[in-house]
Amino acid sequence: MLFTRAVQRGCLVAAIAGLAACASSHPPQTVVLVPDNDGKVGTVIVSNVEGGGSTTLNKPYAAARVESVGGKSEPRTVSEAEVKKVFGGAIAAQPIRPISFQLYFMEGTDEYTPESKEAFENVFAEVARRKVAEVAVIGHTDTVGTLEFNDALSLKRAARVRNDFTGRGIPTDSISIAGRGEREPVVPTADEVSEPRNRRVEISVR
Amino acid sequence: MVAKYVRNVVFGLGVVGAAMAVSGPAAANDIAQIKVATGTVIVERGSQRLMAAAGTRLQQSDVIRTGINGSVGITFTDNTMMSAGPNSAIVLDRYAFNSTTHEGRLDTSVRTGTLSVVSGKIAKQSPEAMTVKTPATILGVRGTEFFVQVGEVK
């Protein structure tokens with residue numbers, strides 16, 4: 001905040017002195033767009049606060065640099081090696097990427113299907129390899145049974161997953177659970193329809 | 001601890017007046033968590049200066065600073081990830097996230113240093129909802145991975 005004010009005051013002084021340009025005192029700044037994990041490239045629009053104008057970055061390793069004086073950003077392309085050199089410290093500190101899973105249950109119970117019993121091991125491994133994990137478990141049901149029954153069952157399924165984590169040493173306070181009953185089916189059905197794909201928990205790990 | 005204090009003063013992070021560990025269970029106003037921390041990492045929260053570590057939970061308006069050997073990686077509740085290299089100062093200006101609709105708002109600032117960003121659900125849901133400010137620019141983030149540097153590498 002102080003920094004901004006100092007810059008503005010500097011500009012004001014420059015204006016009073018009749019100088020054409022405000023020689024701004026901000027440090028140089030660079031923005032580089034890179035491909036994501038899947039190789040896709042997004043978009044970042046770099047708008048210059050002082051001079052107006054903007055640069056759209058939408059190609060791999062497209063960069064915009066605003067010099068400390070002058071201020072107009074010129075698009076350029078940088079190399080992957082340059083990015084690794086300048087941003088190595090930040091790259092090394094990137095958290096493990098969040099990941100989500102679905103596990104499925106036997107009808108009317110909080111027992112995993114045989115496949116999901118095996119898949120639980122992958123989920124557990126993802127949680128265990130994080131130094132500080134946060135896990136959100138949301139339980140769901142199909143439409144067999146009353147709304148009330150399914151609210152309780154969905155929560156029971158989520159609690160089952162939590163118990164399986166805490167039983168293997170994951171701290172309780174890193175796991176949140178919720179039950180959504182039959183309200184959010186993956187496969188919409190009529191009431192009282194047995195649908196294995198809706199009998200599930202969603203587990204988000206970050 | 002004493003060594004860290006001295007380093008903070010030497011590298012211009014200011015005197016740590018009341019350093020205390022922050023961790024514990026999630027609270028409603030937690031917006032992100034530190035997942036990775038190396039070297040000196042300080043969180044400024046109002047008038048408090050907190051020694052941060054992996055597990056520290058963050059709130060809106062927190063300022064995160066790294067020392068000369070420091071780096072920090074955080075994950076927001078919408079899965080946005082940010083990590084900063086040495087000599088960095090990052091401000092978590094504004095955060096709101098509805099975990100059901102994925103609507104929200106995420107505004108951060110880089111005062112100095114290097115930042116890596118992988119955008120999350122907020123930017124995916126609404127393309128106008130995420131910005132990163134630097135002293136001379138505002139970045140409109142449509143996704144997904146990018147880097148920001150303010151100042152030269154020391």
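Which residues line the largest cavity? They are Ile64(B), Val72(B), Ile74(B), Met82(B), Ser83(B), Ala84(B), Ile90(B) and Leu115(B). This is a predicted model, in which local features need pLDDT of at least 70 and side-chain atom pairs count only at pLDDT 80 or more, while totals for chains, interfaces and linings use all residues. Residues are numbered from 1 along each chain as its sequence is written, chains are lettered from A and ligands numbered from 1 in the order in which they are written, and side-chain values use heavy atoms, with hydrogens and water left out.

- The structure holds 2 cavities of 30 Å³ or more, a cavity being a set of points on a 1 Å grid over the protein atoms alone where a 1.4 Å probe fits but cannot get out; lining residues have an atom within 4 Å of a point.
- About 50 Å³ of space lies in the largest cavity, and strand S7 of chain B gives the most to its lining, with 3 residues.
- The lining of the largest cavity divides into 7 nonpolar residues, 1 polar and no charged (Ala, Val, Leu, Ile, Met, Phe, Trp, Tyr, Cys and Pro count as nonpolar, Asp, Glu, Lys and Arg as charged, and the others, Gly among them, as polar).
- Ser83(B) sits in strand S7 (residues 81-84) of chain B and is buried, at a relative accessible area of 1% (buried means under 20%, exposed over 50%, partly exposed in between, with a 1.4 Å probe and protein chains only).
- Among the residues that Ser83(B) touches, not counting those up to four places away in sequence, are Ala90(A), Pro95(A), Val72(B) and Leu115(B) (contact means heavy atoms within 4.5 Å).

**The largest pocket**

- The largest pocket has a volume of about 970 Å³; a pocket is an open set of points with protein on both sides within 12 Å along at least five of seven lines.
- Of its 37 lining residues, Ala136(A), Ser176(A), Arg206(A), Thr77(B) and Ser99(B) are the closest to its centre.
- By class, the pocket lining has 15 nonpolar, 13 polar and 9 charged residues.

**Helix H4 of chain A**

- H4(A), residues 147-166, reaches 29 Å from its first C-alpha to its last, close to the 28 Å expected at 1.5 Å a residue (the expected span is 1.5 Å times one less than the number of residues; helices are DSSP runs of H or I, at least four residues, and strands of E, at least two).
- Its buried residues include Leu153(A), Val161(A) and Phe165(A).
- The buried residues of H4(A) pack against helix H3 (114-128) and strands S7 (135-139), S8 (175-179) and S9 (200-205) of chain A.

Technical notes
Grid points are joined across faces, edges and corners, and a volume is the space filled by probe spheres set on the points.
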